[in-house]
Amino acid sequence: MADDQASVAQIREWLDAVPDPEIPVISIVDLGIVRDVQWRDDVLDVVITPTYSGCPAMSVIPEDIKTELGRHGINKINISTQIAPVWTTDWLSDKGRANLKGYGIAAPRTTGVPEGCPRCESVDVEKISQFGSTPCKAQWRCKSCLEPFDYFKCI
Amino acid sequence: MITHSNQTADSRHLLEFVLRQGDNALVLGHRMSEWCGTGPALEEDIALANTALDLIGQTQMWLAYAAELEGRDRSANDLAFMRDATDFRNLLLLEQPNRDFGHTMMRQFLFDAYQVPFLQALESSADQRVADIAAKSGREARYHLERSSDIVIALGDGTEESHRRMQDALDRLWSYAGEMFVTDETDIAMHNAAIAPDLKLIHAQWNDTVQARLNKATLAVPDSTFVHKGGKNGVRHEEHLGHMLATMQVLQRSYPNSVW
């Protein structure tokens, strides 16, 4: 390994600046999409994992990774996809969960029910539809402030 | 030690098995995508399209594996867009036209109720790639089953009109459901190799789920035991598949190898 190679920790920090293409307030690191980062001689291997099988963002994310790391002078990058062990919403970081809420998206919970309305915190909420504006979200409504909101599906 | 000819037979069965999974996901995924922009309500339109998206994603995993097993330098896209109807290995149930929303959701429910226990069993497949794809798809299938069950129950136990339509859908689709449990030499080979479960076990689980939820939906399970066959082995697809593929494949057929 050459001395001037950036450390893996540094690279992970840089990747933390790459937003999810559909939910720009969380990074691909927050989402748990970046599975592994490793140098192989002068090539950087980055392993990513899909959230939902058909998520269209998976075709954009490798390009975004290359652009971001290219800005830091890393141009030999090999990006591969790995599906096992399977991604779950447990991989979402605490920072990611907090950012989601600030953006008006309720974070996933294993109970399948959001903690509360991301705007007024009321727990009096109801499901409108199991699916929402992206494959990872469902639509809910707050019965206190009457606002609809997105809920990050739990799988 | 297995002989060379047995190995060839086994790998042929594995390819056949993987193609079946990919074609099921592809054909149902395409059918669901036909609803895009015409759903009965915005929320349902979005849900139908997202279900389609999950299925197309699963298709990519299965058909990519099938293409590798085939070893003829074809991609998942080639398999999806350049094969003829007779080469497809999907269940006849899944190529049935959408008709109304009730038919679409009943078809989805009958399949989801099979797919959930089937994929769960595949998670412990002796073939690691099959197990990985099943683990990934299974979570999505469980979510789909939750939704299709809710809708079948709500519409079955709904108004007079919605009940009538759901019963029509069930009566029409029932004779197609049995093909999921028809066991042929590929299924036996996969079961013997511990790659796939005994379909009899899946049938029992399917029966429990379907009976309980149809009861809740106040729908009468048809008496008929007749089973339409010929989709999963590609021997006798119905005319619907050809029409569907004509639309789905037109771009690649007209402009081969074109890419975005």
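Author: What follows starts with the pocket, moves to the cavities, and ends with the interfaces.

This is a predicted model. Start with the open space. The largest pocket holds about 1,600 Å³. Its lining counts 48 residues. I56(B), Q60(B), A76(B), N77(B) and F81(B) lie nearest the centre of that pocket. By class, the lining of the largest pocket has 27 nonpolar residues, 16 polar ones and five charged ones.

The largest cavity contains about 120 Å³ of space. Its lining is made of 14 residues. Nearest the centre of this cavity are Q21(B), Y114(B), F118(B), D187(B) and K232(B). Three helices of chain B supply at least two lining residues each: α1 (4-33), α5 (101-122) and α8 (185-192). Of the elements, α1(B) gives the largest share, four residues. Nine residues of this lining are nonpolar, two are polar and three are charged.

The second largest cavity contains about 70 Å³. Here the lining residues belong to chain A. Among them are D20(A), E22(A), I23(A) and L31(A). T51(A), C55(A) and A57(A) also line the second largest cavity. So do T134(A), P135(A), C136(A) and F152(A). Seven residues of this lining are nonpolar, two are polar and two are charged. Two domains of chain A, domain 1 (8-87) and domain 2 (91-152), each give at least three residues to the lining.

The domain assignment of chain A gives domain 1 as 8-87 and domain 2 as 91-152. Their centres, taken over C-alpha atoms, are 25 Å apart. Domain 1 of chain A puts 17 residues into the contact, and domain 2 of chain A puts in 14. Between them, the two domains bury about 1,300 Å². Carbon and sulfur atoms give 71% of that area. On the side of domain 1, I23(A), V25(A) and D30(A) lose the most area to domain 2. Together these three account for 40% of what that side buries. D30(A) forms a salt bridge with K95(A), and the closest N and O atoms are 3.1 Å apart. In total, two salt bridges are counted between domain 1 and domain 2 of chain A.

Last comes the contact between the chains. Here 23 residues of chain A touch 22 residues of chain B. Chain A and chain B bury about 1,900 Å² between them. Carbon and sulfur atoms give 60% of this area.

Notes. Residues are numbered from 1 along each chain as its sequence is written. Chains are lettered from A and ligands numbered from 1 in the order in which they are written. This is a predicted model: local features need pLDDT of at least 70, side-chain atom pairs count only at pLDDT 80 or more; totals for chains, interfaces and linings use all residues. Side-chain values use heavy atoms; hydrogens and water are left out. On a 1 Å grid over the protein atoms alone, a cavity is a set of points where a 1.4 Å probe fits but cannot get out, and a pocket is an open set with protein on both sides within 12 Å along at least five of seven lines; lining residues have an atom within 4 Å of a point. Grid points are joined across faces, edges and corners, and a volume is the space filled by probe spheres set on the points. Ala, Val, Leu, Ile, Met, Phe, Trp, Tyr, Cys and Pro count as nonpolar, Asp, Glu, Lys and Arg as charged, and the others, Gly among them, as polar. Domain bounds come from an automatic or database domain assignment. Contact means heavy atoms within 4.5 Å. Buried area is the accessible area (1.4 Å probe) that two parts lose on being put together, summed over both. A salt bridge is a side-chain nitrogen of Lys or Arg within 4 Å of a carboxyl oxygen of Asp or Glu.
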